[in-house]
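Have the viewer open as you read.

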Amino acid sequence: LTAPAARATRLLIAPLPSEAQSGVAALLSRAVESAALAKLPDVVVVTPAALEQKLELDLARACTGDGDDAACVVEFASALGADYVLRQRLTEAQGALHLTLSLYDGVRAELVAQGTRAAPVGEVDRLAEQVPDLIVEIARKARIPVVAADPRPSLAGVALVGAGAVGLVLGALGGTGSVFVEAQYLDARLDRDGA
């Protein structure tokens, strides 16, 4: 069986808006990038560092505002050949930091998945620890393959392996028995019907 050559899905991770707290934004952006790299095995991740090298600074500034400008998403995606754009938004409300990740289709500029995690304002590390699960949640909504968090064997897989092992044992016993019977037949200790 053959399949046509596949091109890896490209995911552009847009930077957090510049209004976000710089230290907090840097920590959470690294957490988002690391989680995307670790949890999405079939995706080529394009980070904000690559974005700054390939796009003019004006485009990066225009696309990091609070609004979800569809035209900006398309410009981002087409400039880097990205299939998806992952936008980050960090807000503070009622004593908590809220990180919202929005996944857009890079061609249609359509929101395909979105998720939010929150933690108390002083606990940025706690928010960063939630990012891998958020990445997996969003990727699953968009049907992007993810790394299994808990690779337990399925019941069907265990049954299949068990059936194969039983078949192997029975085949070995049958083969051994046939050699024994054949030897007795050749020595004329058994006739054809007995064998």
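## A side-chain pair to start with

The side chains of Arg-117 and Glu-137 are joined by a polar contact of 2.8 Å. Keep in mind that this is a predicted model. Arg-117 sits in strand β5, which covers residues 110-120.

What else is Arg-117 in contact with, once its neighbours within four places in sequence are left aside? The list has Leu-97, His-98 and Leu-99, then Leu-127 and Gln-130, and finally Asp-133, Leu-134 and Glu-137.

Next up is the packing of α1 and α6. Two packed helices are described by the angle between their axes and the distance between the axes. Helix α1 spans residues 22-39, and its axis runs 9 Å from that of α6, at an angle of about 55 degrees. As for handedness, α1 and α6 cross in a right-handed way.

Which residues meet where α1 and α6 pack? From α1 come Ala-31, Val-32, Ala-35, Ala-36 and Lys-39. On the α6 side they meet Val-131, Pro-132, Ile-135 and Val-136.

Most residues other than glycine have a negative phi. Buried or exposed, which is Gln-94? Gln-94 is exposed, as its relative accessible area is 85%, and the cut-off for exposed is over 50%.

Arg-143 is another non-glycine residue with a positive phi, about 65 degrees this time. You'll find Arg-143 in the loop between α6 (131-141) and α7 (155-186). Arg-143 counts as exposed because its relative accessible area is 75%.

## The chain as a whole

Zooming out, the protein chain has seven helices and five strands. Reading from the N terminus, the order is β-α-β-α-α-α-β-β-β-α-α-α.

How much of the chain is buried? Buried residues make up 36% of its 195 residues. The accessible surface is about 11,800 Å², and carbon and sulfur atoms hold 57% of that. Among contacts with a separation of 6 or more, 59% are between residues 24 or more positions apart.

Definitions and conventions. Residues numbered from 1 in each chain as written. Predicted model: local features only at pLDDT ≥ 70, side-chain atom pairs only at ≥ 80, totals over all residues. Heavy atoms only, no water. Helix = DSSP H or I, 4+ residues; strand = E, 2+ residues; numbered from the N terminus. Buried < 20%, exposed > 50% of the residue type's maximum accessible area, 1.4 Å probe, protein only. Contact = heavy atoms within 4.5 Å. Areas by Shrake-Rupley, 256 points an atom, 1.4 Å probe, with all protein chains shown as cover. Polar contact = N/O pair within 3.5 Å; in protein donor to acceptor, adjacent residues only side chain to side chain. Axes fitted to C-alpha atoms, helices over the stretch in contact; angles between N-to-C directions. Left-handed = near helix turned anticlockwise from the far one by under 90°.
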